[in-house]
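Subject: Handover of a structure for your review

Dear colleague,

Please find below the structure that I am passing on to you. My notes on it follow directly after.

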Amino acid sequence: MPKRSKKQIEAQQKVDRTTQYGPLDALELAVSSSYVKFDETVDVAVRLGVDPRHADQMVRGTVVLPNGLGKEVKVLVFAKGEKEKEALDAGADFIATDEVLEKIKDGWFGFDKAIATPDMMGAVGKLGRVLDQED
Amino acid sequence: MPNAKTGTVTFELAKAIEELKAGKIDFRVEKAGIVHVPVGKISFGAEKLAENVKAFLDKILALRPASSKGVYVKTITISSTMGPGIKVDPLLIK
């Protein structure tokens, strides 16, 4: 049995493992039981009654959180010409120039998300394996 | 990795960038049938977090595959990075 810290035990005691809380109560509890010196990320895990081994029961999607993630997201954009300018105007952090592509191959990952225009997917494909690991 | 399924291969760059910056998350059910997502930071406070959680759960419910049988949302658990897991009643989220 690994040793648990005093603070950890204290936090655990605030939570009744057998109760199912209301959503707001649960979040209040999470906020009030936080005992560390940094701004913790709150995660949600949902167990679904699906079997993802069946292709038709795959659940995947995206959602824009109304209050954001509380984290600055660095965006890398694969685009050229006019689209490159559009991306920069919209707040892209990096444009995938040849130089940047080289850097990524060498293991640079200063961005969180990558976006591409369809005509640039060829360039993206070359980096597919490296990029997959990251986001 | 840009992927058409997550909306990151598009000509509407401005919109895509804006959404990502605003806190767009993508999720995928993993092999055991569980979906994990971050929904914000402790400093947001419970109410803002609840709004994020709700947005996410609504999406999950909307994505229910027609072929899934039985109970769709079995359990919901909320936890902070180092905090204890807190169970949420799946019947209360509808």
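**Where the two chains meet**

T41(A) is part of strand β1 of chain A, which covers residues 41-48; helices (H or I, at least four residues) and strands (E, at least two) are DSSP runs, numbered from the N terminus. Please note that this is a predicted model, in which local features need pLDDT of at least 70 and side-chain atom pairs count only at pLDDT 80 or more, while totals for chains, interfaces and linings use all residues. Residues are numbered from 1 along each chain as its sequence is written, chains are lettered from A and ligands numbered from 1 in the order in which they are written, and side-chain values use heavy atoms, with hydrogens and water left out.

Apart from neighbours within four places in sequence, T41(A) is in contact (heavy atoms within 4.5 Å) with P38(B), G40(B), K41(B), S79(B), S80(B) and T81(B). With K41(B) there is a polar contact between the two side chains, at 2.7 Å. A polar contact is a pair of N or O atoms within 3.5 Å; within protein, one must be able to donate a hydrogen and the other to accept it, and residues adjacent in sequence count only if both atoms are side-chain atoms.

β1(A) runs antiparallel to β3(B), and 7 bridges join them; two strands pair if DSSP finds at least two bridges between them. Within this pairing, V42(A) is found opposite S80(B). On the chain B side, β3(B) also pairs with strand β4 (residues 86-88) of chain B, in the antiparallel sense and over 3 bridges. A hairpin of 5 residues links β3(B) to β4(B), and I76(B) stands opposite V88(B).

**Helix α2 of chain B**

Helix α2 of chain B (residues 46-62) has 17 residues, which at 1.5 Å a residue should span 24 Å; its end C-alpha atoms are 24 Å apart, so the two values agree. The expected span is 1.5 Å times one less than the number of residues. Several residues of α2(B) are buried, including L49(B), V53(B), F56(B) and I60(B); buried means under 20% relative accessible area, exposed over 50%, and partly exposed in between (1.4 Å probe, protein chains only). The buried residues of α2(B) pack against elements of both chains: α2 (23-32), β1 and β2 (60-64) of chain A, and β1 (24-28), β2 (34-41) and β3 (73-80) of chain B.

**The parallel sheet of chain A**

Chain A holds an open sheet of 3 strands in the order β4-β3-β5, with parallel pairing. β4 (94-95) and β5 (113-116) stand at the edges with a single partner strand each, so one side of each has no neighbour in the sheet. Strand β3 (residues 75-78) of chain A pairs with β5(A) over 4 bridges. Along this pairing, V75(A) is opposite K113(A), and V77(A) has I115(A) as its bridge partner. From β5(A), K113(A) and I115(A) point one way and A114(A) and A116(A) the other, and all are buried.

**Chain A as a whole**

Chain A has 6 helices and 5 strands, which run α-α-β-β-β-α-β-α-β-α-α from the N terminus on. Its radius of gyration is 21 Å, whereas a compact globule of 135 residues would be near 14 Å; the radius is taken over C-alpha atoms, and the globule rule is 2.2 Å times the number of residues to the power 0.38. The C-alpha trace of chain A spans about 55 × 40 × 35 Å along its principal axes. Of the 135 residues in chain A, 39% are buried.

Yours sincerely
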